[in-house]
Amino acid sequence: MAARRPPVARLNPRRAEICRTAARIIREKGYDATSVNDIARALGMTKAGLYHYISGKEALLFEIMSFGMDQIDAEVVAPIKGVTDPEERLRQLLIRHARIATRAHGAVAQLSDEIRALPPPARRKIQRRMRAYFDLLRDTLGELKAAGRLRDVDLTVAAFTLLGMILWQPRWFQQGGRLTAEQVAVEVSQMALAGLLRPHARARQRSLRLV
């Protein structure tokens with residue numbers, strides 16, 4: 001079994017900078033049109049210096065996507081593991097994921113479509129991590145449905161829709177705009193829960209919070 005990647009908090013800051021900068025360049029130009037020289041120039045490095053951190057463009061794309069999943073594992077999955085109430089777990093998942101989706105202008109979050117450019121073994125590794133996260137979200141919705149607290153919705157459709165809301169956020173969110181990233185994250189979670197939870201379940205939860 002391969003060793004687990006380190007949590008995002010332990011990643012080398014220079015490597016994090018490389019991932020975010022490279023993601024921004026790839027997002028702007030497209031993966032195929034981006035060269036290692038482009039990324040090195042944006043980082044203020046030589047091409048040889050960048051190769052100290054990466055072995056090539058495909059390896060860098062894999063590192064960027066792994067970095068994004070590391071952030072989700074460290075800042076979303078790990079903190080909500082001990083949350084037993086599925087509604088509160090779902091709320092925290094949505095807020096935490098939405099909060100990091102816009103970080104560094106959301107460049108890392110917007111590269112999911114470029115997974116096609118990865119070699120098959122690397123692609124499968126990222127897909128397994130994405131699937132595990134999707135299953136966590138879908139299973140949480142399943143707990144709410146089993147408890148009679150979820151509207152009559154398809155769990156798979158609901159899970160993909162929630163992820164779509166979050167992953168689309170960096171395309172319109174303006175850093176330094178009227179709302180902060182935190183405010184937007186809360187708005188996203190409130191709208192999602194209002195659309196998914198049965199009205200009586202929401203009313204019961206509000207009354208419990210007021211006690």
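Visitor: Is F134 buried or exposed?

Guide: Buried means under 20% relative accessible area, exposed means over 50%, and partly exposed lies in between, with a 1.4 Å probe and protein chains only. F134 has a relative accessibility of 5%, so F134 counts as buried. Please note that this is a predicted model, in which local features need pLDDT of at least 70 and side-chain atom pairs count only at pLDDT 80 or more, while totals for chains, interfaces and linings use all residues. Residues are numbered from 1 along each chain as its sequence is written, and side-chain values use heavy atoms, with hydrogens and water left out.

Visitor: How is a pair of aromatic rings described?

Guide: One gives the distance of the centres and the angle of the planes. Rings of Phe, Tyr and Trp (its six-membered ring) pair if their centres lie within 6.5 Å; planes under 30 degrees apart count as stacked, over 60 as edge-to-face and the rest as tilted. Two aromatic pairs are found in this structure. In one of them, the ring centres of F134 and F160 are 4.4 Å apart and the planes stand at 35°, so this pair is tilted. Because F134 belongs to helix α6 and F160 to helix α7, the pair ties together parts that are 26 residues apart in sequence.

Visitor: What kind of pair do W172 and F173 form?

Guide: Their ring centres lie 6.5 Å apart with planes at 75°, so the pair is edge-to-face. W172 is partly exposed, at a relative accessible area of 45%, whereas F173, at 9% relative accessibility, is buried.

Visitor: How many helices and strands does the protein chain have?

Guide: Helices (H or I, at least four residues) and strands (E, at least two) are DSSP runs, numbered from the N terminus. Here the protein chain has nine helices and zero strands. Of its 211 residues, 42% count as buried.

Visitor: What length does helix α6 reach, and what is expected?

Guide: The expected span of a helix is 1.5 Å times one less than its number of residues. Helix α6, residues 120-146, has 27 residues and reaches 37 Å from its first C-alpha to its last, close to the expected 39 Å. After α6 comes G148, which has a positive phi, near 75°.

Visitor: Against which helices do the buried residues of α6 pack?

Guide: Contact means heavy atoms within 4.5 Å. The buried residues of α6 include Y133, F134 and L141, and the buried residues of this helix pack against α4 (57-80), α5 (86-101), α7 (155-172) and α8 (181-196).

Visitor: Why is α5 said to be largely enclosed?

Guide: Of the 16 residues of α5, 13 are buried, so the rest of the structure largely encloses this helix. H97 lies in α5 and is buried, with a relative accessibility of 6%.

Visitor: With which side chain does the side chain of H97 make a polar contact?

Guide: A polar contact is a pair of N or O atoms within 3.5 Å; within protein, one must be able to donate a hydrogen and the other to accept it, and residues adjacent in sequence count only if both atoms are side-chain atoms. The side chain of H97 makes such a contact with that of Y133, at 2.9 Å. Not counting residues up to four places away in sequence, H97 also touches others, among them I72, V76 and L163. A second case is Q169 in helix α7, which is buried at 0% relative accessibility. A polar atom of the Q169 side chain lies 3.3 Å from the backbone oxygen of A98.

Visitor: Which residues touch the most other members of the largest nonpolar core?

Guide: In soluble globular proteins, nonpolar side chains tend to be buried together. A nonpolar core is a set of buried Ala, Val, Leu, Ile, Met, Phe, Trp, Tyr and Cys residues joined through side-chain atoms within 4.5 Å. The largest core here has 30 residues, of which L90, Y133, L141 and L162 touch the most other members. Two or more residues of this core come from each of α4, α5, α6, α7 and α8, and α5 gives the largest share, seven residues. A second, separate core has 28 residues, including I25, I26, V36 and A107.

Visitor: What does L141 contact beyond its neighbours within four places in sequence?

Guide: Its contacts include L90, L150, L155 and L196. By contrast, T156 lies 9.2 Å from L141, C-alpha to C-alpha, and 15 residues away in sequence. T156 is in helix α7 and is partly exposed, at 28% relative accessibility. Leaving aside neighbours within four places in sequence, T156 is in contact with F134 and R138.
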